Amino acid sequence: MSSFAHQLIRWQKQHGRHHLPWQGADAYRVWLSEIMLQQTQVATVIPYYQRFVAAFPDVAALAAASEDDVLAHWSGLGYYARGRNLHKAARIVVEKFDSAFPRKFDDIVELPGVGRSTAAAVCALAYHERRAILDGNVKRVLARYCGIEGWAGDKKVEERLWQQAEALLPESDIATYTQALMDMGATVCTRIKPKCVLCPVQADCVALATDRVAALPTPRPRKAVPERHAVFLLLMHGNDILLEKRPSSGIWGGLWCPPQFEDETAAREWFIRQELEASAGERLEEFSHTFTHFRLHITPLKVQLAHKPLRAAQPGAMWLEVEEALGAAIPTPVRKVLSVLSPLLSNQHQNRRG
DNA sequence: AAGCCGGGGGC
DNA sequence: GCCCCAGGCTT
C-alpha cells in the first residue's frame with residue numbers, strides 16, 4: 001500500500017469525523033447524502049438530510065412521494081435539479097431494481113444526477129468497493145500533494161487528478177480511506193490557512209516542499225457577473241397568495257413562485273389582461289439575490305385584489321395561505337418575501353424548513 | 001469546452 | 001466583497 005493511503009487511514013481512525021449522520025448507513029442514505037453534498041457544505045446539508053430521511057426513510061417511500069413533496073423538502077438547498085433527479089432515480093430503482101438500491105457501479109452511475117464521483121462514493125462508502133472519488137476536497141488534496149498546476153475544470157487537469165486518485169487507492173479499508181480523504185480536505189487541507197503541521201502526509205507533499213500550498217489548487221478563472229432585474233407580483237386575496245409552478249428547466253425549475261416579470265410595466269400589462277381589479281397596491285423594499293452566474297435585483301409588488309378572482313387558479317398555479325406557502329417547494333428569495341409579508345408568523349414556523 | 005444550475009459558510 | 005463547496009447535465 002502507498003504511504004499516502006496508509007497514513008490517511010491511520011489519521012482517519014484518530015482524527016477523522018465519525019459522527020456524520022450518514023456514516024455507516026445503507027446505500028440509499030449514502031446516495032442521498034452524496035447528492036445533497038454536491039456543491040454544498042456538510043453543515044448546510046445535515047438538517048436537510050435529517051428531515052429528508054424522516055419523511056422518506058427508504059427508496060420506496062421516496063418513489064411513492066410526489067415530486068412536489070420532495071422539492072418542498074429540498075426548498076432552500078438550491079440546485080433543484082438534484083431534487084428532481086433524486087425523485088426520478090428513486091422511481092427507476094423501484095421499477096427497474098425492484099426497490100433495492102443497485103449494487104453495481106455501472107447501474108448506479110446510470111441514475112439521473114449521479115456521475116462518476118458520486119457513484120464511486122456510494123460504492124466505496126456503502127459497499128466497500130475499490131473506487132476512486134474526485135470531489136472538491138480530493139481535488140484540493142491531490143493538487144497539493146502531487147503539485148498539480150492548472151484549474152481542475154480544465155479537462156487535461158481533471159484527467160491527471162483522476163489518474164492520481166486511482167493510483168493512490170489502497171487495496172483495502174476503502175471506506176475509511178475515502179472518508180479520510182474528505183475529512184482531511186475539510187479539516188486539515190483547507191482552502192484557506194491549511195494546517196500543514198497536522199497533516200499526516202506533510203513529509204511527501206509537493207506543494208509544501210516547493211512552497212506552493214497557498215497557490216494550489218489553481219483557482220478558476222473569474223468573469224464579471226451580470227446584473228438582472230425582476231418584479232415579483234404578490235397577488236393577494238386576504239391571506240392567500242397566488243403562486244405559479246415554474247417549468248422544470250431553468251432557474252428554480254419545478255418550484256413555486258409569484259408571477260415574475262422583467263419590469264413593472266410588464267407586470268401591470270399582465271394584471272390588466274387578467275381583468276383583475278386592485279383595491280390597494282404597494283411596492284415593497286427591493287432586495288438582491290446572487291447566483292453563481294448573475295445577480296438578480298428583485299422588486300416585490302404587493303397587490304390586494306378587490307374581489308375574489310372569478311376563475312379558479314389556472315393549471316400550474318394555486319392560491320395558498322402565506323403560512324402554507326412557506327411549507328411548499330419555494331426558493332429562498334420567495335421565502336424571504338413571504339416572511340416579510342407575514343410578520344405575525346412565529347419564528348419557529350418560519351424556520352421549520354431551515 | 002463552456003455554460004447552467006442556488007445558497008451559504010468562512011474569511 | 002470574494003471564493004468555493006462530498007458535481008452533473010446540457011449545449
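Modeller: Let's take α5, whose buried residues are Val-70, Leu-71, Ala-72, His-73 and Trp-74. Buried here means under 20% relative accessible area, exposed is over 50%, and partly exposed falls in between, using a 1.4 Å probe and protein chains only.

Some ground rules before going on. This is a predicted model, so local features need pLDDT of at least 70 and side-chain atom pairs count only at pLDDT 80 or more, while totals for chains, interfaces and linings use all residues. Residues are numbered from 1 along each chain as its sequence is written, chains are lettered from A and ligands numbered from 1 in the order in which they are written, and side-chain values use heavy atoms, with hydrogens and water left out.

α5 runs over residues 67-74, and His-73 belongs to it. Helices (H or I, at least four residues) and strands (E, at least two) are DSSP runs, numbered from the N terminus. His-73 has a relative accessible area of 12%, which means that it counts as buried. A polar atom of the His-73 side chain sits 2.9 Å from the backbone oxygen of Asp-69. For reference, a polar contact is a pair of N or O atoms within 3.5 Å; within protein, one must be able to donate a hydrogen and the other to accept it, and residues adjacent in sequence count only if both atoms are side-chain atoms. After α5 comes Gly-76, with a positive phi near 100°.

So what covers the buried part? The cover over the buried residues of α5 includes α2 (27-36), α3, α4 (59-64) and α6. Contact means heavy atoms within 4.5 Å.

Take α6 (residues 81-96) next: the axes of α5 and α6 come within 9 Å and cross at roughly 140°. α5 is therefore oblique to α6. Axes are lines fitted to C-alpha atoms, for helices over the stretch in contact, and angles run from 0 to 180 degrees between N-to-C directions. Under 35 degrees counts as roughly parallel, over 145 as roughly antiparallel, 65 to 115 as roughly perpendicular, and the rest as oblique. The crossing of α5 past α6 is right-handed; a crossing is left-handed if the near helix is turned anticlockwise from the far one by less than a right angle, and right-handed if clockwise. On the α5 side, Glu-67, Val-70, Leu-71 and Trp-74 make the contact, and on the α6 side it is Arg-82, Gly-83, Arg-84, Leu-86 and His-87. By class, the residues of this contact are four nonpolar, two polar and three charged. In this scheme Ala, Val, Leu, Ile, Met, Phe, Trp, Tyr, Cys and Pro are nonpolar, Asp, Glu, Lys and Arg are charged, and the others, Gly among them, are polar.

The α2–α3 crossing is right-handed. Tyr-28, Arg-29, Leu-32, Ser-33 and Met-36 come from α2, and they meet Val-45, Tyr-48, Tyr-49, Phe-52 and Val-53 of α3. Sorted by class, the α2–α3 contact has eight nonpolar residues, one polar and one charged.

α3 covers residues 42-55 and holds Arg-51. Arg-51 has 23% relative accessibility, so it is partly exposed.

Finally, the wider setting. Chain A has 16 helices and eight strands, and its C-alpha trace spans about 75 × 50 × 35 Å along its principal axes. Of the 354 residues in chain A, 47% are buried. Among chain A contacts between residues at least 6 apart in sequence, 67% join residues at least 24 apart.
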